[in-house]
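Here is a short note for someone opening this structure for the first time. Please read the points alongside the model.

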Amino acid sequence: MMSSLAAAAQLVPLAEELDKNKVTPGVLGFIVFAVIGVAVWFLMKSMNRHMKRVDFVEEPAADAAPASSAQPPKTS
């Protein structure tokens, strides 16, 4: 634990020397962003494939029955 704190304390002066207007994500940032984009694309393709396999037939609700077959409510 102490070694990680000591290492972090040594990096603080290095971070202050950087010009904050010139720091960019660089190639590694682009690669990570591109990998995330490709992963999302594959997930969307997989989701579309699975959604096409779903066979869903909605049954009419009990209160949405046609008016001709509806019976008057019973009163007791």
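1. Accessible areas here come from the Shrake-Rupley method with a 1.4 Å probe. The model is predicted. On that basis, the accessible surface of the protein chain is about 7,800 Å². Carbon and sulfur atoms account for 67% of that surface.

2. How many of the residues count as buried? The share is 0% of the 76 residues in the protein chain. Buried would require under 20% relative accessible area.

3. The secondary structure is quickly listed. The protein chain has two helices and zero strands. Helix 2 covers residues 26–53, and Ile-36 sits in helix 2.

4. Look next at the nonpolar patch on the surface. Its members are Leu-28, Val-32, Ile-36, Val-40, Met-44, Met-47, Met-51, Val-54 and Phe-56. Together they have about 920 Å² of accessible area. Ile-36 counts as partly exposed, because its relative accessibility is 48%.

5. Then the aromatic rings. The whole structure holds one aromatic pair. The partners are Trp-41 and Phe-42.

Key. Residues are numbered from 1 along each chain as its sequence is written. This is a predicted model: local features need pLDDT of at least 70, side-chain atom pairs count only at pLDDT 80 or more; totals for chains, interfaces and linings use all residues. Side-chain values use heavy atoms; hydrogens and water are left out. Helices (H or I, at least four residues) and strands (E, at least two) are DSSP runs, numbered from the N terminus. Buried means under 20% relative accessible area, exposed over 50%, partly exposed in between (1.4 Å probe, protein chains only). Rings of Phe, Tyr and Trp (its six-membered ring) pair if their centres lie within 6.5 Å; planes under 30 degrees apart count as stacked, over 60 as edge-to-face and the rest as tilted. Patches are made of residues with over 30% relative accessible area and no salt bridge: like charges are joined within 9 Å, nonpolar side chains (Val, Leu, Ile, Met, Phe, Trp, Tyr) within 5 Å. A salt bridge is a side-chain nitrogen of Lys or Arg within 4 Å of a carboxyl oxygen of Asp or Glu.
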